[in-house]
Amino acid sequence: MRKRPIVFAALVALAGFAYFAAFTGYGVNFEDEGTLLYQIERTADGQVPYREFHIGYTPAIYYLHAAIMNTFGRSVMPGRWVLAAVNAFSMFLIVLLSLRLMAPRLAWLPAVFYMLAIPVHPGAFAAFNIPYPVWYNVLFFCAGVLSLLAFARSGNAVWAGLAGLLAGADFMFKPNAGLFQLAASSFAILSVVPMGPGSLIEVREKIAGIWWWALWTCTLVGTWGVFMGKIGPLEVYVLLLPVTVAALLCAWRCSVSVPTVEYPGIIKASLLLIGGFIVVNLPWMFIVHGQLGTQQFLIKVFFLGADFEKFYYIAYPLVGTAVLIGLLASVAAAVLPAMLRGGRVAPAALAAGGLVAGTLGIAFLARHALMPEGFSNAINSEFESAVFVLTLVAHWVFLLVAARSIGTSKDTAEVSACNVIFAVSTVFMYLQLYPRTDYMHWVTAAPLSIVLGIALVDAGVRRWSAGAGRFGRALVYTAWVAPLVFVLAVRAAPRIAAIAVDENLGFGRPPAVTLNAERAPVWMNAGRALRYNELAEVVGFLHDYTEPGDEVFTFPALDIVSFLSDRHNPTRHGYFYPRWPGHDAEAEVVASLMERAPLYAVVLHAHAPFFVSAPMYYYDLGQYLDTHYRPFVKIGRYQVLRHRGAVPAAHLAAEAAVEPAPMAVPVWLRDGLASTDPAVRKHTLARADVLMIEDAAAPVIDALADPDPAVRDRAVWTLQRASDPRVGDALVRAVADWRLSPREQVLATRLAGRVVGDAGLHDLFLLARDAGGKVRSEAIASVFYETLRRVAASFWPGARPAVGAGNAIGDNMLADDTELTRTIQRWIQNPYEDLRLRRAAIRATRELDTETVVSLLRDPNVFDEYGAQPYAAYELGRRNLPSLSIAQAFGFFGYYGDAYMEYLVPRLVRRVFDGSEESDRQLAEAALYSDKSIVRRQAGWLAATMGAEHTVKAAARNLYSGDADLRKSALWTLHRRGRSEYLGEVRRLLSDPDFGVREFAERAVRALELRALVQGEVPSQG
């Protein structure tokens, strides 16, 4: 390869490294980053992934970063510097790939686009600092495509072997990424290696031809097989159909194209590819298989039968019409220059006119459109929505380009090989988006799609500037590239401002708070002080009141506490996403805690949206913690629980509260807002944006009542990241008193939906009743989301509702507002009211009656997008209304699908279970005889924590069930309830064909034998 492209790519990569390096000390992601860091530490400590703790990827990321930790110290920083280098090197490879498809004038843009596409959340964290394996996946995939291009150009078989090694390395970090890269590499090799002469007279040639088609068929069928039974029609159209078309292009090119170099035979090339893949993976797979056995190896390493996609699935957005419009626009952009050429309007002039019109349109929108969260956020939001459409348009247009490039002469061979390899690699890389079609997963599935998209932009520049002079070419280039640069600049600006704009709005580090933790020497904007001080206080508490080697349990996703405090979790799980790892893992965790209960547990009492339902779902774990632990120290959002069997600590009073230090209000902020000049007060609020205020900063809250309307509006923007209920209350009051401009009214109402106190929630209900337009719509949404949060809060382990805390909507706040209560009753009864309001209203009124709820449950016209009907049934049980039985509870929720079954039914059944023989019998019948498997499974897990003799006998019968989940729940019931008289039947399952059942049986046997020994019983031998 010539030096000039490498130097050019290196310069772009160096700029990228500087960008990534600037954020290495910025923030920390408490959930995902904390989990990965702690799992890496467990590996560094010699624990074995899969066996001693659960992981969600293949093990390379853990062992690589464990080696980094052991070499450079237990800190977040060394790994972040490695990731900065990895991402910069990915940019280097993206530039080299781009140079194969476009001129250098644009070849820098895909790499920069990818760099700025990676999310950075000002005031929180940068995604590229998190040790996700996907950063390595991008690196290996891009390097693999370069190897395939080199193979197509030279015919050297070594490149095929290298492509296999790179796909194997990709698999070591993330299994689906490696398999899709292997499939793409197979098709790429098939597209350039000839099938053989048409006659196929010789036996060797016949075998080669059969081998070629067998490899083609197996690769395509295998790809479809990965998704069979788990993917909907939409994903077939957007993911598998492009893959199939690309595979057909490979076959077409191979059959008609004339090779320009001598290639190895297809058998040799494919064996080198597959051999390289196997050589990399066989050693570690052999070791892990020996540790786990075949069944667990397939489930935990390959996720076969794990239903992983079922729990994490997010559907691809409905983009059919938009993609069709995009394809038509692409066709128009391709043919229009030829139609214009020779006429009075030159293509360059039209392009320049389009640029001017677009600029004026953006300026108009920036000035006059509402855009409640601001121009920058609106652009970013639209960008993150549009990429799913633009990606598919780029795929289909480039598939057409690749098809058109295929010819029968040697002149077309090199171009068509490059195009087909790019096309097939891109669509296979994009398959990694499944099952979670969200923006973050798009970023790491679409680097090659970005290259293709900008290659099409380059083709547009060339087509529209053909025949134009230098000035005309410059105009066309600007018209096509300026929109992309503008979007990237909008994405970059708030990120750079977060780390490089000081309180005087000049260049410099902003006021900052550091995380007082040795393992995470990171900083954050000063307005996030409370969040960081809370975490530091928790870590400090554990350092002070536990010893090295002590264990601490955390919930639901607080592995960051385990990592920072150097206190191991006694269980294999520390990441409790609802439905994954599931009730079987929950039972395992409780069993581990029963065997060796740690002195302390730390639980979070303010969850990120991703985990908000975790306390509701993991009811068995919650009950265990509430039964065996008591609230000990409240540290901000964290509740430290202490085991009830422990001797109270003399140095710390039980049920104490520690209030971490909030942000110290700077003198310049206080003095500036005390100024008599409105312009100074407004400017001071603009300066305060660099703080990224999260908690209640009194001077800024007071500014919401400032005499000057511009100052009041500006205060809303300064508080846009706040998460203190006092801020939410003040924002809603400002809206209710009509103190804000229309845009700020909408924004303030939306912000209140993040967190609000009782007073603010009361005002939100009033806005939902009295306001109009977008304010009412935002008030409805805010009421709904606050309802969800407060429902979840009622299930927090160790929660102690305080007076005025609002842990149950409506229990206090509406008691003195008879008129509003009557309005809420009408919302419940009105079938045409917004379902979000109906659901919130069900919770908010204390006057809910059985007839009203049952009528809502049976309303055939209710579209249940927001769960109003199942939620009504839950409230019916929550209020202990006598008309609902166990059987009816299962019946109601069974009608509405698995999600409600797994979240609400267990809690509802626990509410209405009255301990009577009839309730016990109904629960036992549900576990044994329900015609819905989901009901049988839920009843089986519930039997472990409730019921009497009927449920125990049902569990004993389920030991013989053909459903492995039922056998596990039955074992757990007998284990949890200490029924050693069934020990003989439990022992029978020690040889069960299902590994998970055998694990449950082993734990149950240990526990029941110990119980029998303690009580002097003679257990049955079965």
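Select Glu999 and Arg572: both are buried (under 20% relative accessible area with a 1.4 Å probe, protein chains only; exposed is over 50%, and partly exposed lies in between). This is a predicted model, in which local features need pLDDT of at least 70 and side-chain atom pairs count only at pLDDT 80 or more, while totals for chains, interfaces and linings use all residues. Residues are numbered from 1 along each chain as its sequence is written, and side-chain values use heavy atoms, without hydrogens and water.

**Stop one: salt bridges**

Stay on Glu999 and Arg572. Their side chains meet in a salt bridge, 3.6 Å from N to O (a side-chain nitrogen of Lys or Arg within 4 Å of a carboxyl oxygen of Asp or Glu). Glu999 sits in helix α47 (residues 995-1015) and Arg572 in the loop between α23 and α24 (583-595), so the pair ties together parts 427 residues apart in sequence. Helices are DSSP runs (H or I, at least four residues), numbered from the N terminus.

Next, pick Arg1006 and Glu595. Their closest N and O atoms are 2.9 Å apart, in a salt bridge. Arg1006 is in helix α47 and Glu595 in helix α24, 411 residues apart. Arg1006 is partly exposed at 44% relative accessibility. Glu595 is partly exposed too, at 48%.

Now go to Glu925 and Arg921. Their salt bridge is 2.6 Å, N to O. Both lie in helix α42 (residues 917-929), four residues apart, so about one helical turn separates them.

**Stop two: helix α3**

Select residues 60-72. This is helix α3, with 13 residues. From first C-alpha to last, α3 reaches 18 Å, close to the 18 Å expected at 1.5 Å a residue (1.5 Å times one less than the number of residues). Its buried residues include Tyr62, His65 and Met69. The buried residues of α3 pack against α2 (32-44), α4, α7 (134-154), α8 and α23 (559-565). Then comes Gly73, with a positive phi near 110 degrees.

**Stop three: Asn87**

Find Asn87 in helix α4. Is Asn87 buried or exposed? Asn87 is buried, with a relative accessible area of 0%. Leaving out residues up to four places away in sequence, Asn87 touches Phe20, Tyr114, Phe128 and Trp135 (contact means heavy atoms within 4.5 Å).

**Last stop: confidence**

Colour the chain by pLDDT (the predictor's confidence in each residue, from 0 to 100). The chain's mean is 88, and 90% of its residues reach 70 or more.

Terms used:
Helices (H or I, at least four residues) and strands (E, at least two) are DSSP runs, numbered from the N terminus.
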